[in-house]
Amino acid sequence: MMKLINLHNFHFKNPFFLKKLVQFSTKSYNPTVSKKIIYTTHLLSRINIRRIPRGLPLQIYKNSDNYYFDIETNLFIAVKAVGRGKNKKKYALAFEVKNDTIFLITIHPIKKNQEENRIRSKRWQKIILKI
C-alpha cells in the first residue's frame, strides 16, 4: 500500500525533509500560478543531448501526473506520461522550490517500472498537492 503524504498534516522524522515540505507548502503551492521558473544550465544540456523539446520540462512541471519528494536527492520530482499510444513515454523532472522561484534541474525518460520501484523502496514519497 502506498503511503501518501498530505502537506497540511503529516508527521515525518527527517528534519531536512520537513523543512523542504514546509517551504513547499507554505507558499500555497500551485504549479499553474505564475512564478519565476528557471531552466538550469544542466537542464538545458540534458534537453540538447536527449533531443527533448524545449517546452516539455515546463509542460511536465505544470501538468504532472504525480509529484514526489526524493529523499535521496532532496529534490521534488514531477512525473508525466508524454505522447500517444505505443509512443507514450514517462519523463521525470527534478526541480527545487526556493521562495517564489522554481529551478528546473534535470529531465530524463524513466523506464517502465522505475517509478513504482522508487515508490516501493520509499525513495520517492508521494505528495498530495492542493490545486
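In this predicted model, the loop between α4 and β7 (124-128) holds K122. This lysine has a positive phi of about 70 degrees although it is not a glycine. Most residues other than glycine have a negative phi, which makes such a position a welcome place to begin. K122 is exposed, with a relative accessible area of 56%.

Stepping back to the overall fold, the protein contains 4 helices and 7 strands. Along the sequence these elements follow the order β-α-β-α-α-β-β-β-β-α-β. Among contacts with a separation of 6 or more, 56% join residues 24 or more positions apart. Of the 131 residues, 42% count as buried. The protein exposes about 8200 Å², and carbon and sulfur atoms supply 52% of that area.

In soluble globular proteins, nonpolar side chains tend to be buried together. Here, the largest nonpolar core has 18 residues, and those with the most contacts inside it are I60, L93, F95, L104 and I107. At least two residues of this core come from each of α2 (41-50), α3 (56-62), β3 (66-70), β4 (75-82), β5 (89-98) and β6 (101-110). The element that gives the most is β5, with 4 residues. A second, separate core of 9 residues includes I77, A92, A94 and I110.

Leaving aside neighbours within four places in sequence, I107 is in contact with L43, R46, I47, R50, I52, L56, P57, I60, Y91, A92 and L93. Two of these partners, I60 and L93, are themselves named among the residues with the most contacts inside the largest core.

A search of the whole structure finds 5 aromatic pairs. In one of them, the rings of F69 and F76 have their centres 5.1 Å apart and their planes at 65 degrees, so the pair is edge-to-face. F69 has 0% relative accessibility and counts as buried, and F76, at 2%, counts as buried too. Ring pairs also link F69 and F76 with Y61, Y67 and F95 into a cluster. Elsewhere, a charged side chain meets a ring: K98 lies over the face of F103, at 5.9 Å from the ring centre.

With N66, the contact is polar and runs from side chain to side chain, at 3.3 Å.

How values were computed. Residues are numbered from 1 along each chain as its sequence is written. This is a predicted model: local features need pLDDT of at least 70, side-chain atom pairs count only at pLDDT 80 or more; totals for chains, interfaces and linings use all residues. Side-chain values use heavy atoms; hydrogens and water are left out. A nonpolar core is a set of buried Ala, Val, Leu, Ile, Met, Phe, Trp, Tyr and Cys residues joined through side-chain atoms within 4.5 Å. Buried means under 20% relative accessible area, exposed over 50%, partly exposed in between (1.4 Å probe, protein chains only). Contact means heavy atoms within 4.5 Å. A polar contact is a pair of N or O atoms within 3.5 Å; within protein, one must be able to donate a hydrogen and the other to accept it, and residues adjacent in sequence count only if both atoms are side-chain atoms. Rings of Phe, Tyr and Trp (its six-membered ring) pair if their centres lie within 6.5 Å; planes under 30 degrees apart count as stacked, over 60 as edge-to-face and the rest as tilted. A charge sits over a ring if NZ of Lys or CZ of Arg is within 6 Å of the ring centre and within 35 degrees of the ring normal. Accessible areas come from the Shrake-Rupley method with a 1.4 Å probe; for residues, only the protein chains shown count as cover.
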